[in-house]
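Here is a short report for a reader meeting this protein for the first time. It moves from the overall fold to a helix pair, then to the ligand.

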Amino acid sequence: MAVENAPVVGIIMGSESDMPAMQPCMDQLDAFGVPYEVKVASAHRKPAVVHEWASTAHQRGIRVIVAAAGKAAHLGGVVAAYTPNPVITVPMKTSDLGGLDSLLSMVQMPSGVPVACVAINGAKNAAILAVQILGAGDDAARRQIIDFKESMAQ
Ligand SMILES: Nc1c(C(=O)O)ncn1[C@@H]1O[C@H](COP(=O)(O)O)[C@@H](O)[C@H]1O
């Protein structure tokens, strides 16, 4: 049975240093009233933790995952390998290559393991897309998007 206010969006990021750029994602989910959980874990530095988190997310009630990372941003692809949930990746802007490194390493997934990818530092759009995905099968989430689009047009 679904627990009321249990997280339905799982946000994972490769480092604490990604947190400021990802804050708009959390803020937007708060604005929609969509519950989420946040995990900081790196597929490079803590592969076992990422494996555990990603492979059990759907069992905890998570329905969409947002994965943010910078540089050699393999985190989203690794998470996608372990979960049946849709994964939205957020390439982090980087000091050396401006985030093109993050973008290309996220978006160029091999056939069979897709991820969605928003713009460099596109944290807010990741939240909106996550709720749109939820809204495909949930009337309340779809209502949030309809209201959001109306207020954006004003
Ligand atoms: N791309 C990845 C992964 C991964 O893909 O597993 N783990 C950490 N990182 C990224 O490294 C950058 C620098 O991290 P630090 O600031 O911790 O050195 C961050 O943007 C992080 O997402």
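## Overall fold

The protein has 6 helices and 5 strands. Both are DSSP runs numbered from the N terminus: helices are H or I with at least four residues, strands are E with at least two. Starting at the N terminus, the order is β-α-β-α-β-α-β-α-β-α-α. The radius of gyration, taken over C-alpha atoms, is 15 Å. The globule rule (2.2 Å times the number of residues to the power 0.38) gives 15 Å for 154 residues, so the protein is as compact as a globular protein of that length. The C-alpha trace spans about 40 × 40 × 30 Å along its principal axes.

This is a predicted model: local features need pLDDT of at least 70, side-chain atom pairs count only at pLDDT 80 or more, and totals for chains, interfaces and linings use all residues. Residues are numbered from 1 along each chain as its sequence is written.

## Helix 2 against helix 3

V50, H51, A54 and S55 in helix 2 meet V78, V79 and Y82 in helix 3. Contact means C-beta atoms, placed from the backbone, within 7 Å. These residues comprise 5 nonpolar, 2 polar and no charged. Ala, Val, Leu, Ile, Met, Phe, Trp, Tyr, Cys and Pro count as nonpolar; Asp, Glu, Lys and Arg as charged; the others, Gly among them, as polar.

## Around the ligand

The ligand has 17 residues around it, and G14, S15, S42, A43 and G70 come nearest. Such a residue has its C-beta atom, placed from the backbone, within 6 Å of the molecule. The shell holds 7 nonpolar, 7 polar and 3 charged residues.

Technical notes. Contact = placed C-beta atoms within 7 Å.
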